[in-house]
Amino acid sequence: MNTTSSTTPAPEQGRSAQYDAFHAARARTNLVASLYAQAMGEDYPAEVAASSSCDWPLLGLLTARLRLRPGQLLVDAGCGAGGIGLWLARALAVRLAGFDLSPVAAAQATARRAHFLGRAADRAVFQVGELENTGLPDGAAHGIVCVDALGGAADRGAALRELGRVLTPGGRLVVTRALRRGAEPAWHEQVAAAGLTREHLDERPGEAAMWERLYQLWIAHADQLRRELGEEAAENMLREAHRMLPKLRGRRAVLLTLRRLPDVPAEVGSADRMAAPGRHPGYRPASSKETPQ
């Protein structure tokens, strides 16, 4: 995508409904967080409480690979309830723009800002958006994180091109990916088409085992999940567990750091001219009044 949308994108409700149900149900009980904590053990970052494979080792890698400076803009793509982006925004003293397919998740992320950022809560904004159509301006972000979200994109190539468009020259996209062991990665052409180059490839050797423990816990607590989350949300989780468990033994998980090559130095870059992330055309923070993962 070469142009910026003038309005906030409107994701298909059918695609977001499952995520909406999960995030709404999770907010009613600590059961899901408890199962993630059991699966990760000491590596579980309780404050972040992400519905993903985000653990303490991954947070350390994200911090190191982004190489952001205070005041720069970080985008959390597929932000869920916002914990990863907000933790990074506080740790790195940067501004944050997050988006997610789920209106419920975007609203939850907005509600968590003060916990992480206190009086500087307006340093972070969240909206509804899709990986293939973010609604963010060209060259807006100094860094982008995308944790366990790219696999859910309708078109991964288009999603990478869109995220590449949003990066300022010299900016980095740090994204989790998974593939079958021994398989040739399919992302090479997609990365090149997005105008990016690979900077780092970090292995995540414990990721598959974590998912195996978590899925087994979901299955073992199926009745409790149904009682506390409701039939629909619980059944979606259980279907995922049964579908994914047989695939985990051959899974290779990595953290891929991609960079948009710097342009010839200019007097002032577009990203440095930005004021607050919520003031860009086409960027509206989610609120509880909107149908804002």
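Q: Does glutamate 203 count as buried, partly exposed or exposed, and at what relative accessibility?
A: The model is predicted. Buried means under 20% relative accessible area and exposed means over 50%, with partly exposed in between. Glutamate 203 has 42% relative accessibility, so the residue counts as partly exposed.

Q: Which side chain does glutamate 203 meet in a salt bridge?
A: A salt bridge needs a side-chain nitrogen of Lys or Arg within 4 Å of a carboxyl oxygen of Asp or Glu. Glutamate 203 has such a partner at 2.5 Å, N to O. The partner lies in strand E7 and glutamate 203 in strand E6, so the pair ties together parts that are 49 residues apart in sequence. The partner is arginine 252.

Q: Is arginine 252 buried or exposed?
A: The cut-off for buried is under 20% relative accessible area. Arginine 252 has a relative accessible area of 18%, so this residue is buried.

Q: How many residues apart in sequence are the parts tied together by arginine 259 and glutamate 199?
A: The side chains of arginine 259 and glutamate 199 meet in a salt bridge, 3.9 Å from N to O. Arginine 259 lies in strand E7 (residues 251-260) and glutamate 199 in strand E6 (residues 196-203), so the parts they tie together are separated in sequence by 60 residues.

Q: What is the separation of the C-alpha atoms of valine 94 and leucine 73?
A: Valine 94 sits in the loop between helix H4 (83-92) and strand E2 (95-100). With 1% relative accessibility, valine 94 counts as buried. Along the chain, valine 94 and leucine 73 are 21 residues apart, while their C-alpha atoms are separated by 5.9 Å.

Technical notes: Residues are numbered from 1 along each chain as its sequence is written. This is a predicted model: local features need pLDDT of at least 70, side-chain atom pairs count only at pLDDT 80 or more; totals for chains, interfaces and linings use all residues. Side-chain values use heavy atoms; hydrogens and water are left out. Helices (H or I, at least four residues) and strands (E, at least two) are DSSP runs, numbered from the N terminus. Buried means under 20% relative accessible area, exposed over 50%, partly exposed in between (1.4 Å probe, protein chains only).
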